[in-house]
Amino acid sequence: MHLAHVSDVLLVWAVAGYALAMLGYAAEFAFGRRNAGSRAVVAGRVAVALTIAGWGAHVGSVVTRGFAAHRVPWGNMYEFSSMVALVAVTVFLVLLTRQQVRFLGAFVMAPVVLYLGLAGTVLYANAGPLVPALNSYWIKIHVVAAITASGAFMVSGVVTTLYLLKDRWERRTAVGVGPGTAAAVEFERARGGGLMGWLPAAEVLDRLAYRVVAFAFPVWTFAIMAGAIWAEQAWSRYWGWDPKETWSFITWLAYAAYLHARATAGWRGRRASVLALIGFACLMVDYYVVNTVITGLHSYAGVS
Amino acid sequence: MVLTTTEPASDVRESEATRLSTAPLARSGWRHLTSMRTALLLLTLLALAAIPGTLLPQRGLNPVKVDAFLANHPHLGPFLDHLSLFDVFAAPWFAAIYLLLFISLIGCLVPRIRLHARALRKAPPPTPRHLDRLPVNETWSSGLAVDDVVANACSALRRHRWRTEVRTEPDGGVSVAAEKGYLRETGNLVFHVSLVVLLAGIALGGLFGYKGTVLVVQGQGFANVRSSYDIFEPSRLYSDSQLSPFSFTLRQFKATYEASGEPRSFDALVDYQAQPGAATSTHDVRVNHPLAASGANVYLIGHGYALHIQVRSPSGRLVFDSDTPFLPDDGMFASHGVVKVPNGLPHQLGLTGFFYPTFETTPLGPRSSFPAARNPVLSLAAWRGDLGLDSGVPQSVYDLPVASLHHLANRQLSPGQSWRLPDGTTVRFAGVDQWATFQVAHDPGKKVVLVAAILVIAGLLGSLRVRRRRFWLRATPVDDGDGARRSVVTAAGLPRTDPDGFRQEFDSLVQRMKD
């Protein structure tokens, strides 16, 4: 059980790294608000470095967990949560290499730290072997796809929330911009709109959220279908309306509705985004409520 | 249902609707049904309708829980049952929602496919007059003649698989119109058509498949005829001719456990024969590893202990000698079972038993502390009287109507031990065997569903990852008197979907054309 202990310690380091990174991102915002000085940039860069360090420790924690248990490190809810958080941080880091998304830092780190905290305390389960039902190579395919999609949906959920806030703020400040009120609005922007003024335009946020969903949705579809193939091998039917299957399907429908709404006049923008958030809420139900409250065939929580 | 692109789908619907030219009411009804708003509404409705199916117990998943719910809620239960809330996924209102959704989808798909087929054959749209008004544009002067500029541009575009159309304009200029990303709409249509095929595959399985469960004791066999099954669930259009004539014998069942008693592995070794007289082959049927029998899959779904019990009459004649399956009651495989001996003895004899694979005594009574047979003990009670086998009322082989019987005695036995009853009858616990339950399932729509599912994902990737965009270029000749041939070139682009990354693509295209 030595390796299992190493895994636990590394996870604590990862959480510490992420938490400090979150402070760094917040500091960048705080400094950047007063002046676009170098202190803000330094804070931001330190935060990114801390995120990468935390990510490294996190990967180490997952790998040692796998070796400790002699199996893939996503066999129960604790491990699954850790992996989802890892994917969310990975998606953020990948986005960082492609476009200027450092503003997302604090908002991604906050749910990640929360998620890992919950995983490490409430959901924690000792490294043990898998029950025979999970002993299939499909656990590598189906569960990895589900984890990847969940992590990406989490990031898109964060961006969507920011979009809704920014959109509301843009509407409010845009109203009544005339010759007389311009100065007042400018004052408002300089004073209270600190965070909002600092975020990119609502349209940019909306497109970013969409891009992440456009990545996650096919992966989620694949996860459901790979699950169906596995179910056919394990339970003799590819679909049986098991609560897990049903909630995965409901989540799929919600995101499908979001994608359709984005192409519908009158639904584009805010209303579509609300659908995306409902999709994320369904994902959380699929994960937490179905695993712990509703009993079904996916009883792998390992929480007793 | 309207598919997700920036294509103005309302045009499609309108042209389709005018062609239908039926009664205005039907026309507007149809237009509403195939509108995006309806699609959104139906998607949401389907999601909402599925929720009660996860909160209330469902007959298809756990009929025992449904009965318990009905017993606990004598007023609410029947009301919910009346609304099919215990069979949500087979309920008429659930079917109505997804059928409407699919009708709406098909109604939108047909004109959409026709339009896309036309677009695939059509040349890219003419070059707009004022290219410099487009969001992305660039103008430069080139030392090449107009024709060379156009030839260069076309080769650069075609190398990146743009569809191009060269048009000569009245003022002597030449323009190139190019478009790319048709795969987006193709993917979009493939995705939605595949969903329809997927539903058809599911329906096929639901109409022609069958499913059955059978318990087989180690050393015994199973032949695939309807009467061999303990439970048989045919589909609506099933016929007995669908049962392929395979058979198998359970040669050995082996379960291994963790120290905690959690199961580690289950293996059922079976000797399988595709049809009578065919060669026999041995297979290891495990969880996640069904046996692919001809036309059906055989799954290992459960296991337990079968106890070899022998009963001899007072005169020493063997009247019962059989492996009796006991049903497990807990994770440590404490099990219960019944032996019925109606013939050969002065009275009919019934035995009820509890079996503990690893016997242990606790203050609360006996229990099993491990699922493997480490210290097997069989605790029997003997009963005398009319077992009721000839009463005509169907009886479970796992139940004995003890209320009407006379209790004789109790005894705990280890394997090999015998027990002599007061009337001289002897009961012998000869040994511990095992049984496994198998599910045989045949779903003729499975392959259709699999292929459709793969196409769903392929189509989805096309419709979400491919970007549709247009590019135009106009070259006009410049005559500065000395006879040299030069041109002024204007290029412009328009992303028709997601604009991310278009600027870079445009710049690199233009760069290549300038070189």
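How much area do chain A and chain B bury between them? The answer is about 4100 Å², with 68% of it on carbon and sulfur atoms. Buried area here is the accessible area (1.4 Å probe) that two parts lose on being put together, summed over both.

## Ground rules

This is a predicted model, where local features need pLDDT of at least 70, side-chain atom pairs count only at pLDDT 80 or more, and totals for chains, interfaces and linings use all residues. Residues are numbered from 1 along each chain as its sequence is written, chains are lettered from A and ligands numbered from 1 in the order in which they are written, and side-chain values use heavy atoms, leaving out hydrogens and water.

## Where A meets B

Chain A brings 49 residues to the contact and chain B brings 54, with contact meaning heavy atoms within 4.5 Å. Pro132(A), Tyr238(A) and His260(A) supply 17% of the area that chain A buries against chain B, more than any other three residues.

On the polar side, the rule finds six residue pairs in polar contact across this interface, both residues at pLDDT 80 or more. A polar contact is a pair of N or O atoms within 3.5 Å; within protein, one must be able to donate a hydrogen and the other to accept it, and residues adjacent in sequence count only if both atoms are side-chain atoms. The rule also finds one salt bridge across the interface (a side-chain nitrogen of Lys or Arg within 4 Å of a carboxyl oxygen of Asp or Glu). Lys446(B) and Glu232(A) meet through their side chains in a salt bridge, at 3.0 Å from N to O. As for the side of chain A that touches chain B, α8 (202-235) and α9 (243-261) of chain A each supply at least two residues. The largest share, 16 residues, comes from α8(A).

## Chain A by itself

Chain A has ten helices and zero strands; helices (H or I, at least four residues) and strands (E, at least two) are DSSP runs, numbered from the N terminus. Of its 304 residues, 58% count as buried, meaning under 20% relative accessible area (1.4 Å probe, protein chains only).

## A greasy spot on chain B

Ile113(B), Val193(B), Val197(B), Leu204(B), Leu207(B), Phe208(B), Leu237(B) and Val448(B) form a nonpolar patch on the surface. Patch members have over 30% relative accessible area and no salt bridge, and nonpolar side chains (Val, Leu, Ile, Met, Phe, Trp, Tyr) are joined within 5 Å. Helix α9 (residues 182-208) of chain B gives the largest share, five residues, while Val448(B) sits in helix α10 (residues 446-465) of chain B.

Technical notes. Patch = residues over 30% accessible without salt bridge, like charges linked within 9 Å, V, L, I, M, F, W, Y side chains within 5 Å. Areas by Shrake-Rupley, 256 points an atom, 1.4 Å probe, with all protein chains shown as cover. Buried < 20%, exposed > 50% of the residue type's maximum accessible area, 1.4 Å probe, protein only.
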